[in-house]
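Please keep the sequence and the structure in view while reading.

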Amino acid sequence: MTENSLIELEAAAFRRLLKHLQDHPEVQNIDLMILADFCRNCLAKWYAEAAQEQGVAIDYEQAREFVYGMPYKDWKNQFQQDASPEQLAAYARKQEQK
């Protein structure tokens, strides 16, 4: 496989992951953090860091809009729910295990 093919496959998989997350806003970031130790905000940070490494001017808020498919403030108002006591406890346990 060529380097170009590898990059194209990785990009396609990343785009599919973003679409999946955008199509499933009911999946809360805290649930992602508990189960997978990353969330949409993590993806946005990684995206912004990769842009910076490549000399592309994309800041964190722009990256979040890319990942969420809309401004973060709008997504948060429409879809983010308050974390339940159970979610907060599970997240705290996860952090203690690190």
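Lys19 and Asp23 are 4 residues apart in helix H1 (residues 3-23), which means that about one helical turn separates them; helices (H or I, at least four residues) are DSSP runs, numbered from the N terminus. The two residues form a salt bridge whose closest N and O atoms are 2.6 Å apart, the term denoting a side-chain nitrogen of Lys or Arg within 4 Å of a carboxyl oxygen of Asp or Glu. Lys19 is partly exposed at 48% relative accessible area, and Asp23 is partly exposed at 44% (buried means under 20% relative accessible area, exposed over 50%, partly exposed in between, with a 1.4 Å probe and protein chains only).

This is a predicted model, in which local features need pLDDT of at least 70, side-chain atom pairs count only at pLDDT 80 or more, and totals for chains, interfaces and linings use all residues. Residues are numbered from 1 along each chain as its sequence is written, and side-chain values use heavy atoms, leaving out hydrogens and water.

Lys98 is exposed at 59% relative accessibility, whereas Asp37 is partly exposed at 33%.

Within helix H4 (residues 60-68), Glu61 and Arg64 are 3 residues apart, about one turn of the helix. Their side chains meet in a salt bridge at 3.6 Å, N to O. Glu61 is partly exposed at 44%, but Arg64 is buried at 11%.

Conventions: Helix = DSSP H or I, 4+ residues; strand = E, 2+ residues; numbered from the N terminus.
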